Amino acid sequence: MEIGVVGKPNVGKSTFFSAATLVDVEIANYPFTTIEANVGVTYAITDHPCKELGCSPNPQNYEYRNGLALIPVKMVDVAGLVPGAHEGRGLGNKFLDDLRMASALIHVVDATGKTDPEGQPTDYHDPVEDIEFLEREIDYWIYGILSKGWDKFAKRIKLQKIKLESAIAEHLSGIGVNENDVWEAMHKLNLPEDPTKWSQDDLLAFASEIRRVNKPMVIAANKADAASDEQIKRLVREEEKRGYIVIPTSAAAELTLRKAAKAGFIEYIPGASEFKVLRDMSEKQKRALMVIKEKVLDRFGSTGVQEVINRVVFDLLKLIPVYPVHDENKLTDQFGNVLPHVFLMKKGSTPRDLAFKVHTDLGKGFLYAINARTKRRVGEDYELQFNDIVKIVSVTR
Ligand SMILES: Nc1nc2c(ncn2[C@@H]2O[C@H](COP(=O)(O)OP(=O)(O)OP(=O)(O)O)[C@@H](O)[C@H]2O)c(=O)[nH]1
(Lines give C-alpha, C1' and ligand atoms only; values in the text may rest on other atoms or scores of the structure.)
Protein backbone atom coordinates (compact mmCIF):
# COMPACT_ATOMS: atom_id res chain seq x y z
CA MET A 1 0.00 0.00 0.00
CA GLU A 2 1.43 3.32 -1.06
CA ILE A 3 0.13 6.86 -0.85
CA GLY A 4 1.15 9.04 -3.79
CA VAL A 5 1.65 12.80 -3.42
CA VAL A 6 0.91 14.65 -6.67
CA GLY A 7 0.74 18.25 -7.73
CA LYS A 8 2.02 20.59 -10.39
CA PRO A 9 5.36 22.36 -9.80
CA ASN A 10 5.62 25.02 -7.06
CA VAL A 11 2.48 24.23 -5.11
CA GLY A 12 4.55 22.88 -2.21
CA LYS A 13 4.42 19.20 -3.10
CA SER A 14 8.08 18.60 -2.17
CA THR A 15 7.60 20.51 1.07
CA PHE A 16 4.54 18.41 1.83
CA PHE A 17 6.40 15.18 1.12
CA SER A 18 9.45 16.26 3.17
CA ALA A 19 7.26 17.30 6.09
CA ALA A 20 5.16 14.14 5.99
CA THR A 21 8.18 11.85 5.85
CA LEU A 22 10.43 13.73 8.29
CA VAL A 23 10.18 11.56 11.33
CA ASP A 24 12.20 11.71 14.49
CA VAL A 25 11.64 8.07 15.30
CA GLU A 26 13.18 5.07 13.64
CA ILE A 27 11.28 1.82 13.62
CA ALA A 28 13.38 -1.29 13.08
CA ASN A 29 10.69 -3.42 11.51
CA TYR A 30 9.11 -1.49 8.70
CA PRO A 31 7.01 -3.76 6.57
CA PHE A 32 8.86 -2.24 3.60
CA THR A 33 12.24 -0.79 2.77
CA THR A 34 12.74 2.54 1.09
CA ILE A 35 15.33 2.47 -1.61
CA GLU A 36 14.36 5.26 -3.96
CA ALA A 37 14.78 8.93 -3.21
CA ASN A 38 11.14 9.73 -3.82
CA VAL A 39 9.91 7.07 -1.43
CA GLY A 40 9.51 7.76 2.27
CA VAL A 41 7.79 6.63 5.40
CA THR A 42 4.97 8.61 6.94
CA TYR A 43 2.63 7.78 9.80
CA ALA A 44 -1.08 7.40 10.20
CA ILE A 45 -1.80 8.52 13.74
CA THR A 46 -4.73 7.44 15.88
CA ASP A 47 -5.65 6.60 19.47
CA HIS A 48 -3.85 3.55 20.82
CA PRO A 49 -5.92 0.92 22.70
CA CYS A 50 -3.69 1.48 25.77
CA LYS A 51 -5.16 4.95 26.10
CA GLU A 52 -8.46 3.32 26.93
CA LEU A 53 -7.12 0.20 28.67
CA GLY A 54 -4.39 1.88 30.69
CA CYS A 55 -1.64 -0.45 29.51
CA SER A 56 1.93 0.32 28.58
CA PRO A 57 2.82 -1.07 25.15
CA ASN A 58 6.10 -2.42 23.72
CA PRO A 59 5.64 -1.50 20.07
CA GLN A 60 7.78 -3.21 17.45
CA ASN A 61 6.37 -2.26 14.07
CA TYR A 62 4.88 1.10 15.07
CA GLU A 63 5.55 3.93 17.50
CA TYR A 64 3.67 4.91 20.64
CA ARG A 65 3.42 8.44 22.04
CA ASN A 66 1.12 9.98 24.61
CA GLY A 67 -1.66 7.48 24.02
CA LEU A 68 -1.29 7.61 20.24
CA ALA A 69 -0.22 4.92 17.79
CA LEU A 70 1.99 6.12 14.94
CA ILE A 71 1.58 3.52 12.22
CA PRO A 72 4.09 3.56 9.33
CA VAL A 73 2.77 3.96 5.80
CA LYS A 74 4.72 4.18 2.56
CA MET A 75 4.57 7.50 0.72
CA VAL A 76 5.74 8.31 -2.80
CA ASP A 77 6.53 11.74 -4.19
CA VAL A 78 5.02 11.47 -7.67
CA ALA A 79 7.00 14.02 -9.62
CA GLY A 80 6.28 15.22 -13.13
CA LEU A 81 2.67 16.31 -13.33
CA VAL A 82 2.63 18.53 -16.40
CA PRO A 83 0.00 18.92 -19.10
CA GLY A 84 0.29 15.92 -21.41
CA ALA A 85 1.90 13.68 -18.79
CA HIS A 86 -0.44 10.88 -19.87
CA GLU A 87 1.23 10.97 -23.31
CA GLY A 88 4.66 10.70 -21.74
CA ARG A 89 5.45 14.42 -21.88
CA GLY A 90 8.08 15.69 -19.44
CA LEU A 91 8.69 13.08 -16.79
CA GLY A 92 5.45 11.50 -17.97
CA ASN A 93 6.53 7.89 -17.94
CA LYS A 94 8.10 8.01 -14.49
CA PHE A 95 5.03 9.92 -13.33
CA LEU A 96 2.73 7.22 -14.61
CA ASP A 97 4.87 4.47 -13.19
CA ASP A 98 4.73 5.99 -9.70
CA LEU A 99 1.03 6.63 -10.13
CA ARG A 100 0.45 3.01 -11.08
CA MET A 101 1.63 1.83 -7.68
CA ALA A 102 -0.35 4.30 -5.57
CA SER A 103 -3.46 3.09 -3.73
CA ALA A 104 -4.59 6.64 -3.04
CA LEU A 105 -3.46 10.13 -3.92
CA ILE A 106 -2.90 13.36 -2.07
CA HIS A 107 -3.33 16.16 -4.58
CA VAL A 108 -1.47 19.23 -3.36
CA VAL A 109 -2.85 22.46 -4.83
CA ASP A 110 -1.93 26.09 -4.21
CA ALA A 111 -4.97 27.50 -2.41
CA THR A 112 -3.74 31.05 -2.95
CA GLY A 113 -4.04 30.64 -6.73
CA LYS A 114 -0.62 32.19 -7.23
CA THR A 115 0.76 29.35 -9.38
CA ASP A 116 -0.17 28.96 -13.05
CA PRO A 117 -0.74 25.57 -14.76
CA GLU A 118 2.97 25.20 -15.57
CA GLY A 119 4.05 26.11 -12.05
CA GLN A 120 5.00 29.74 -12.76
CA PRO A 121 3.98 32.63 -10.47
CA THR A 122 0.79 34.37 -11.54
CA ASP A 123 -1.81 36.80 -10.13
CA TYR A 124 -4.62 34.32 -9.99
CA HIS A 125 -5.24 30.82 -11.25
CA ASP A 126 -8.21 28.79 -10.01
CA PRO A 127 -6.99 25.65 -8.18
CA VAL A 128 -10.30 23.97 -9.07
CA GLU A 129 -8.95 23.78 -12.62
CA ASP A 130 -5.86 21.94 -11.37
CA ILE A 131 -8.03 19.27 -9.82
CA GLU A 132 -10.01 18.79 -13.02
CA PHE A 133 -6.77 18.75 -14.95
CA LEU A 134 -5.28 15.92 -12.86
CA GLU A 135 -8.51 13.95 -13.18
CA ARG A 136 -8.32 14.32 -16.96
CA GLU A 137 -4.66 13.26 -17.08
CA ILE A 138 -5.44 10.10 -15.15
CA ASP A 139 -8.63 9.42 -17.10
CA TYR A 140 -6.83 9.67 -20.44
CA TRP A 141 -4.00 7.53 -19.18
CA ILE A 142 -6.40 4.72 -18.19
CA TYR A 143 -8.41 5.27 -21.38
CA GLY A 144 -5.17 4.97 -23.36
CA ILE A 145 -4.42 1.57 -21.87
CA LEU A 146 -8.00 0.40 -22.37
CA SER A 147 -8.63 1.64 -25.88
CA LYS A 148 -5.46 0.16 -27.32
CA GLY A 149 -6.67 -2.85 -29.29
CA TRP A 150 -10.12 -2.61 -27.69
CA ASP A 151 -12.11 -3.80 -30.72
CA LYS A 152 -10.13 -6.99 -31.05
CA PHE A 153 -10.20 -7.49 -27.30
CA ALA A 154 -13.97 -7.00 -27.11
CA LYS A 155 -14.64 -9.39 -30.00
CA ARG A 156 -12.48 -12.08 -28.44
CA ILE A 157 -14.25 -11.79 -25.10
CA LYS A 158 -17.62 -12.04 -26.76
CA LEU A 159 -16.63 -14.95 -28.95
CA GLN A 160 -14.93 -16.96 -26.24
CA LYS A 161 -17.59 -16.03 -23.67
CA ILE A 162 -14.97 -14.84 -21.18
CA LYS A 163 -16.19 -13.04 -18.07
CA LEU A 164 -15.91 -9.37 -18.94
CA GLU A 165 -14.95 -8.13 -15.46
CA SER A 166 -12.06 -10.52 -15.11
CA ALA A 167 -10.78 -9.85 -18.65
CA ILE A 168 -10.76 -6.08 -18.11
CA ALA A 169 -9.25 -6.46 -14.63
CA GLU A 170 -6.47 -8.53 -16.13
CA HIS A 171 -5.97 -5.94 -18.84
CA LEU A 172 -5.66 -3.24 -16.16
CA SER A 173 -3.84 -5.32 -13.54
CA GLY A 174 -0.70 -3.27 -14.19
CA ILE A 175 -2.32 -0.30 -12.48
CA GLY A 176 -3.67 -2.34 -9.59
CA VAL A 177 -7.28 -2.64 -10.78
CA ASN A 178 -9.19 -5.70 -9.59
CA GLU A 179 -12.39 -7.39 -10.68
CA ASN A 180 -14.37 -5.68 -7.98
CA ASP A 181 -13.26 -2.22 -9.20
CA VAL A 182 -14.33 -3.14 -12.73
CA TRP A 183 -17.67 -4.48 -11.55
CA GLU A 184 -18.35 -1.33 -9.55
CA ALA A 185 -17.48 0.96 -12.45
CA MET A 186 -19.51 -1.02 -15.00
CA HIS A 187 -22.60 -1.11 -12.85
CA LYS A 188 -22.43 2.51 -11.89
CA LEU A 189 -22.43 3.42 -15.57
CA ASN A 190 -24.88 0.73 -16.62
CA LEU A 191 -22.63 -0.36 -19.46
CA PRO A 192 -23.79 -3.11 -21.84
CA GLU A 193 -22.74 -6.68 -21.00
CA ASP A 194 -21.59 -6.97 -24.61
CA PRO A 195 -18.22 -5.13 -24.84
CA THR A 196 -18.44 -4.79 -28.62
CA LYS A 197 -21.28 -2.33 -27.96
CA TRP A 198 -19.11 0.01 -25.90
CA SER A 199 -18.48 3.33 -27.62
CA GLN A 200 -15.35 5.44 -27.22
CA ASP A 201 -17.34 7.70 -24.91
CA ASP A 202 -18.28 4.68 -22.83
CA LEU A 203 -14.62 3.74 -22.59
CA LEU A 204 -13.64 7.22 -21.42
CA ALA A 205 -16.48 7.33 -18.88
CA PHE A 206 -15.44 3.90 -17.69
CA ALA A 207 -11.81 5.03 -17.34
CA SER A 208 -13.04 7.93 -15.26
CA GLU A 209 -15.02 5.64 -12.97
CA ILE A 210 -12.03 3.32 -12.59
CA ARG A 211 -9.98 6.35 -11.54
CA ARG A 212 -12.53 7.17 -8.87
CA VAL A 213 -12.47 3.71 -7.32
CA ASN A 214 -8.84 2.87 -7.94
CA LYS A 215 -7.09 6.18 -7.29
CA PRO A 216 -9.17 7.90 -4.61
CA MET A 217 -7.90 11.36 -3.84
CA VAL A 218 -7.78 13.90 -1.01
CA ILE A 219 -7.12 17.55 -1.78
CA ALA A 220 -4.50 19.37 0.29
CA ALA A 221 -5.38 23.07 -0.07
CA ASN A 222 -1.80 24.09 0.55
CA LYS A 223 -0.28 27.46 1.41
CA ALA A 224 -3.48 27.94 3.41
CA ASP A 225 -1.49 30.27 5.68
CA ALA A 226 -1.23 32.70 2.77
CA ALA A 227 -4.77 32.16 1.44
CA SER A 228 -7.85 34.13 2.46
CA ASP A 229 -10.78 32.55 4.28
CA GLU A 230 -12.86 33.20 1.17
CA GLN A 231 -10.42 31.36 -1.10
CA ILE A 232 -10.36 28.35 1.19
CA LYS A 233 -14.12 28.30 1.74
CA ARG A 234 -14.78 28.41 -1.98
CA LEU A 235 -12.32 25.61 -2.76
CA VAL A 236 -13.76 23.42 -0.02
CA ARG A 237 -17.33 24.12 -1.18
CA GLU A 238 -16.61 23.44 -4.87
CA GLU A 239 -14.70 20.25 -4.30
CA GLU A 240 -16.90 18.81 -1.57
CA LYS A 241 -19.76 19.13 -4.05
CA ARG A 242 -17.76 16.85 -6.31
CA GLY A 243 -17.18 14.35 -3.52
CA TYR A 244 -13.69 15.27 -2.42
CA ILE A 245 -12.28 15.67 1.06
CA VAL A 246 -10.49 19.04 1.11
CA ILE A 247 -8.13 19.97 3.93
CA PRO A 248 -6.39 23.33 4.27
CA THR A 249 -2.70 22.68 4.84
CA SER A 250 0.50 24.54 5.52
CA ALA A 251 3.21 22.14 4.48
CA ALA A 252 5.87 24.78 5.18
CA ALA A 253 4.67 25.18 8.77
CA GLU A 254 4.59 21.43 9.30
CA LEU A 255 8.13 21.09 7.97
CA THR A 256 9.39 23.82 10.31
CA LEU A 257 7.65 22.24 13.30
CA ARG A 258 8.97 18.77 12.56
CA LYS A 259 12.49 20.09 12.06
CA ALA A 260 12.33 22.02 15.33
CA ALA A 261 11.04 18.91 17.10
CA LYS A 262 13.74 16.74 15.57
CA ALA A 263 16.41 19.20 16.73
CA GLY A 264 14.96 19.09 20.24
CA PHE A 265 13.75 22.70 20.41
CA ILE A 266 10.11 21.83 20.79
CA GLU A 267 7.86 18.93 21.58
CA TYR A 268 5.41 18.51 18.75
CA ILE A 269 3.27 15.59 17.75
CA PRO A 270 2.17 15.80 14.11
CA GLY A 271 -1.47 16.77 13.90
CA ALA A 272 -1.43 18.60 17.23
CA SER A 273 -2.86 22.09 17.66
CA GLU A 274 0.09 23.20 19.78
CA PHE A 275 3.72 22.60 20.60
CA LYS A 276 5.77 22.93 23.76
CA VAL A 277 9.05 24.85 23.84
CA LEU A 278 11.81 22.70 25.34
CA ARG A 279 14.98 24.71 24.78
CA ASP A 280 15.97 28.31 24.34
CA MET A 281 16.08 29.49 20.72
CA SER A 282 17.30 32.47 18.74
CA GLU A 283 14.93 35.42 18.36
CA LYS A 284 14.50 34.54 14.70
CA GLN A 285 13.50 30.96 15.49
CA LYS A 286 11.12 32.11 18.21
CA ARG A 287 9.48 34.55 15.83
CA ALA A 288 9.07 31.89 13.13
CA LEU A 289 7.32 29.60 15.60
CA MET A 290 5.11 32.43 16.86
CA VAL A 291 3.98 33.13 13.30
CA ILE A 292 3.14 29.45 12.81
CA LYS A 293 1.14 29.45 16.03
CA GLU A 294 -0.88 32.54 15.07
CA LYS A 295 -1.24 32.11 11.31
CA VAL A 296 -1.66 28.36 11.17
CA LEU A 297 -2.34 26.50 14.42
CA ASP A 298 -4.71 29.04 15.97
CA ARG A 299 -6.43 29.68 12.65
CA PHE A 300 -6.90 26.12 11.37
CA GLY A 301 -6.44 23.98 14.49
CA SER A 302 -3.41 22.21 12.98
CA THR A 303 -1.15 22.43 9.94
CA GLY A 304 -3.49 19.97 8.23
CA VAL A 305 -0.71 17.71 6.94
CA GLN A 306 -1.31 14.91 9.43
CA GLU A 307 -5.06 15.20 8.98
CA VAL A 308 -4.62 14.65 5.25
CA ILE A 309 -2.61 11.47 5.88
CA ASN A 310 -5.09 10.19 8.46
CA ARG A 311 -8.07 10.86 6.21
CA VAL A 312 -6.40 9.00 3.34
CA VAL A 313 -5.63 5.96 5.47
CA PHE A 314 -8.75 5.75 7.62
CA ASP A 315 -11.47 7.33 5.43
CA LEU A 316 -10.41 6.95 1.81
CA LEU A 317 -8.67 3.58 2.00
CA LYS A 318 -10.91 2.47 4.87
CA LEU A 319 -8.11 0.81 6.77
CA ILE A 320 -8.46 -0.12 10.42
CA PRO A 321 -5.68 -0.84 12.93
CA VAL A 322 -5.84 -4.30 14.48
CA TYR A 323 -3.50 -5.74 17.12
CA PRO A 324 -2.86 -9.50 17.11
CA VAL A 325 -1.75 -11.00 20.45
CA HIS A 326 -0.73 -14.40 21.78
CA ASP A 327 -2.17 -13.95 25.26
CA GLU A 328 -5.62 -12.37 25.24
CA ASN A 329 -5.52 -11.65 28.98
CA LYS A 330 -2.11 -9.99 29.21
CA LEU A 331 -2.35 -8.62 25.64
CA THR A 332 1.15 -9.87 24.88
CA ASP A 333 3.08 -11.89 22.34
CA GLN A 334 4.96 -15.08 23.33
CA PHE A 335 7.75 -12.97 24.80
CA GLY A 336 5.64 -10.82 27.06
CA ASN A 337 5.61 -7.72 24.84
CA VAL A 338 2.39 -5.78 25.22
CA LEU A 339 0.60 -5.11 21.90
CA PRO A 340 3.85 -5.33 19.91
CA HIS A 341 2.35 -5.32 16.42
CA VAL A 342 -0.34 -3.48 14.57
CA PHE A 343 -1.72 -4.28 11.13
CA LEU A 344 -3.73 -1.99 8.92
CA MET A 345 -6.60 -4.09 7.60
CA LYS A 346 -9.22 -3.22 5.04
CA LYS A 347 -12.58 -2.55 6.71
CA GLY A 348 -14.65 -5.70 6.35
CA SER A 349 -11.65 -7.99 6.95
CA THR A 350 -12.07 -11.06 9.13
CA PRO A 351 -9.78 -12.68 11.73
CA ARG A 352 -8.73 -15.16 9.05
CA ASP A 353 -7.56 -12.29 6.83
CA LEU A 354 -5.56 -11.00 9.78
CA ALA A 355 -4.08 -14.46 10.35
CA PHE A 356 -2.90 -14.53 6.72
CA LYS A 357 -1.38 -11.09 7.09
CA VAL A 358 0.59 -12.19 10.17
CA HIS A 359 1.79 -15.40 8.56
CA THR A 360 0.58 -17.64 5.72
CA ASP A 361 0.76 -20.73 7.95
CA LEU A 362 -1.33 -19.03 10.58
CA GLY A 363 -3.93 -18.24 7.94
CA LYS A 364 -3.95 -21.74 6.50
CA GLY A 365 -4.40 -23.32 9.92
CA PHE A 366 -6.91 -20.77 11.17
CA LEU A 367 -9.49 -22.23 13.56
CA TYR A 368 -11.03 -19.27 15.36
CA ALA A 369 -10.08 -16.07 17.12
CA ILE A 370 -10.66 -14.53 20.53
CA ASN A 371 -11.64 -10.92 20.89
CA ALA A 372 -9.39 -9.82 23.77
CA ARG A 373 -11.77 -7.09 24.88
CA THR A 374 -14.79 -9.34 25.36
CA LYS A 375 -12.80 -12.59 25.76
CA ARG A 376 -15.36 -14.06 23.39
CA ARG A 377 -14.64 -16.49 20.61
CA VAL A 378 -15.23 -15.09 17.16
CA GLY A 379 -15.34 -16.99 13.92
CA GLU A 380 -14.57 -16.38 10.30
CA ASP A 381 -17.68 -14.30 9.80
CA TYR A 382 -16.64 -11.72 12.42
CA GLU A 383 -15.86 -8.31 10.95
CA LEU A 384 -12.75 -6.82 12.55
CA GLN A 385 -13.31 -3.45 14.22
CA PHE A 386 -11.11 -0.38 14.59
CA ASN A 387 -8.43 -1.05 17.28
CA ASP A 388 -9.51 -4.64 17.84
CA ILE A 389 -7.14 -6.83 19.84
CA VAL A 390 -7.31 -10.39 18.64
CA LYS A 391 -5.81 -13.73 19.54
CA ILE A 392 -5.71 -16.12 16.62
CA VAL A 393 -6.05 -19.80 17.32
CA SER A 394 -4.59 -21.93 14.58
CA VAL A 395 -3.68 -25.60 14.15
CA THR A 396 -0.08 -24.67 13.45
CA ARG A 397 0.42 -23.26 16.93
N1 LIG B 1 3.21 30.16 2.34
C2 LIG B 1 3.52 28.89 2.08
N3 LIG B 1 4.46 28.58 1.19
C4 LIG B 1 4.74 27.28 0.97
C5 LIG B 1 4.04 26.25 1.64
N6 LIG B 1 4.51 25.06 1.21
C7 LIG B 1 5.47 25.34 0.31
N8 LIG B 1 5.62 26.66 0.15
C9 LIG B 1 6.56 27.37 -0.71
O10 LIG B 1 6.22 27.14 -2.06
C11 LIG B 1 7.39 27.05 -2.89
C12 LIG B 1 7.36 25.76 -3.66
O13 LIG B 1 7.48 24.67 -2.78
P14 LIG B 1 8.03 23.26 -3.24
O15 LIG B 1 7.78 22.32 -2.14
O16 LIG B 1 9.39 23.35 -3.75
O17 LIG B 1 7.03 23.01 -4.45
P18 LIG B 1 6.82 21.76 -5.39
O19 LIG B 1 5.39 21.73 -5.67
O20 LIG B 1 7.41 20.54 -4.85
O21 LIG B 1 7.58 22.21 -6.65
P22 LIG B 1 8.65 21.41 -7.53
O23 LIG B 1 9.68 20.93 -6.57
O24 LIG B 1 9.12 22.46 -8.45
O25 LIG B 1 7.86 20.32 -8.17
C26 LIG B 1 8.56 27.15 -1.92
O27 LIG B 1 9.02 28.48 -1.93
C28 LIG B 1 7.96 26.80 -0.57
O29 LIG B 1 8.63 27.39 0.52
C30 LIG B 1 3.03 26.63 2.58
O31 LIG B 1 2.38 25.79 3.22
N32 LIG B 1 2.82 27.94 2.76
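Student: What makes residues of the protein count as buried, and what percentage of the 397 are they?
Tutor: Buried residues are 40% of the 397. Each has 20 or more other C-beta atoms, placed from the backbone, within 10 Å of its own; 12 or fewer means exposed, and in between is partly exposed. This is a predicted model: local features need pLDDT of at least 70, side-chain atom pairs count only at pLDDT 80 or more, and totals for chains, interfaces and linings use all residues. Residues are numbered from 1 along each chain as its sequence is written.

Student: How many helices and strands are there?
Tutor: The protein has 14 helices and 14 strands. They are DSSP runs, numbered from the N terminus: helices are H or I, at least four residues, and strands are E, at least two.

Student: How do you know how compact the protein is?
Tutor: Its radius of gyration is 23 Å, close to the 21 Å of the globule rule for 397 residues, so the protein is as compact as a globular protein of that length. The radius is taken over C-alpha atoms, and the rule is 2.2 Å times the number of residues to the power 0.38.

Student: Which residues of α9 are buried?
Tutor: Q231, L235 and E239 are the buried ones.
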